[in-house]
Amino acid sequence: MFDSLSDRLTGVFDKLRGRGALSEDDVRTAMREVRIALLEADVALPVVREFVDRATDRAVGGDVLRSVTPGQMVVKIVSDTLTEFLGSDSSDLMLDVTPPAVIMMVGLQGSGKTTTTAKIAKRLKEKERKKVMMASLDVNRPAAQEQLAVLGQQADVATLPIVAGQQPVDIARRALQAAKLQGYDVVMLDTAGRLHVDQALMDEMKAVADVATPQEILLVVDSLTGQDAVNVAKNFTEQVPLTGVVLTRMDGDARGGAALSMRFVTGAPIKFAGTGEKLDAIEPFHPARVAQRILGMGDVVSLVEKAAEAIDAEEADKLAKKMAKGQFDLNDMRMQLKQVQQMGGLGAMAGMIPGLKKAQAAMAQSGANDKALVHLDAIIGSMTPKERERPAIINAKRKIRIAKGAGRTVQEVNKLLKMHQEMETAMKKIRKMGGFGALAKMFMGGKGGLGGGGMGDMLGGLGGGAGGLPGLGGGAPGGLPPNFQKFLKK
């Protein structure tokens with residue numbers, strides 16, 4: 001997400017950060033490079049002009065040029081301007097009305113509207129404890145109503161029963177009536193799409209909106225279509241009062257032009273971003289966090305939120321007690337691998353940690369791949385419960401059986417066992433050093449202990465520094481820790 005733009009802007013600001021003082025020419029030169037980066041990211045030309053003019057006016061002010069750290073001040077100004085253009089504050093769904101609240105989903109065919117409807121419904125049910133009903137008003141596309149019914153079963157969300165031959169306006173009326181009678185908090189109406197914007201599509205949307213009087217009209221657009229996504233949004237804005245936009249396939253959009261242009265061109269806030277095919281792959285759109293990610297500053301808040309969702313408090317407590325005793329078996333290791341996967345994988349986590357933007361590139365260079373996490377899990381899953389609890393009993397014969405069962409090689413089984421052994425050794429070192437309290441002090445900047453450095457050194461190993469990850473093979477100047485590289489090869 002935003003990879004190419006992020007790389008270009010990071011390169012521009014790396015030059016400024018190393019300067020003790022900046023002239024007005026330095027700032028304007030940097031802003032010219034920002035302009036090129038935004039145009040290459042497929043940001044709309046009027047948006048680029050306004051963005052660069054606004055950021056330049058602020059950056060050439062006397063406060064910046066006389067600042068102790070002028071380079072950092074320019075980065076902050078660009079970050080603030082990015083946040084403004086993305087929408088300043090995150091925008092929540094307006095559901096504080098007399099139930100049922102109606103959310104109407106609109107958009108072109110193929111934009112991911114039906115799947116997005118199910119994603120938002122699942123999120124409302126699980127995160128906000130809402131009783132949600134979905135209804136498909138798409139009577140044109142073959143099996144569209146059946147598709148939403150199947151997604152409803154997968155998401156465990158109720159769908160309105162299908163009545164053959166019923167028209168969209170009548171379906172909307174029936175959905176509202178059913179929701180009122182059965183006490184639903186939210187009704188989601190998945191309207192029909194077209195291959196392009198036409199009057200028939202607009203007339204149908206207006207008729208449904210008149211009957212349903214929705215609190216939210218969300219436009220679903222495919223971010224991969226770039227400028228075309230912005231043009232579609234503009235056309236819809238002129239016809240119906242949009243309250244928000246949902247950008248799909250954001251995980252595949254390396255440029256990010258649609259996101260940066262959308263709010264400025266349409267005035268409608270981006271409320272959600274689709275980040276994958278699974279029904280839980282949708283995130284609220286937080287402009288400030290996205291701006292920080294684009295500028296390589298990380299997104300610790302989102303990382304903490306993902307961790308809170310992924311980590312089971314009871315399991316974490318059990319593991320903490322075991323680790324305090326210096327115990328760490330393959331079951332514990334498997335649980336940690338699953339948590340990394342649930343948090344979006346290694347690449348996603350690296351992108352959220354400040355200063356680790358370069359770690360993603362290092363992972364790519366070393367052949368790091370999240371599939372390796374799946375392979376490790378398969379190897380552990382091929383072991384017996386006794387072998388997972390006592391890895392020391394795994395001899396050559398057992399290794400051959402485990403490798404065959406997992407569809408991997410004996411060498412990979414050996415690497416996994418070595419990795420576990422080193423992690424277990426690290427746990428014992430932590431215990432000898434006085435436990436996790438002493439370790440926390442070390443990580444906050446103290447020296448000594450594992451790898452000889454604090455958290456900065458430890459994370460530096462991922463980005464090519466001399467540090468390393470404890471338990472993963474120590475530091476390796478110029479790249480990822482050696483064992484980490486081996487385990488994450490394709």
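How many salt bridges does this predicted model contain, if a salt bridge is a side-chain nitrogen of Lys or Arg within 4 Å of a carboxyl oxygen of Asp or Glu? By this rule, the count comes to 13.

A word on conventions. Residues are numbered from 1 along each chain as its sequence is written, and side-chain values use heavy atoms, with hydrogens and water left out. As the model is predicted, local features need pLDDT of at least 70, side-chain atom pairs count only at pLDDT 80 or more, and totals for chains, interfaces and linings use all residues.

I begin with E216 and K271, whose side chains form a salt bridge with an N to O distance of 2.7 Å. E216 belongs to strand β5 (residues 216-222) and K271 to strand β7 (residues 270-274), so the pair ties together parts 55 residues apart in sequence; strands (E, at least two residues) and helices (H or I, at least four) are DSSP runs, numbered from the N terminus. Both E216 and K271 are buried, where buried means under 20% relative accessible area, exposed over 50%, and partly exposed in between (1.4 Å probe, protein chains only).

Strand β5 also holds D222, whereas R249 lies in the loop between β6 (244-248) and α11 (257-266). D222 is buried at 15% relative accessibility, while R249, at 37%, is partly exposed.

Finally, I turn to helix α3 (residues 45-59), where E50 and R54 are four residues apart, about one helical turn. Their side chains meet in a salt bridge at 3.1 Å, N to O. E50 is partly exposed at 31% relative accessibility, and R54 is partly exposed at 26%.
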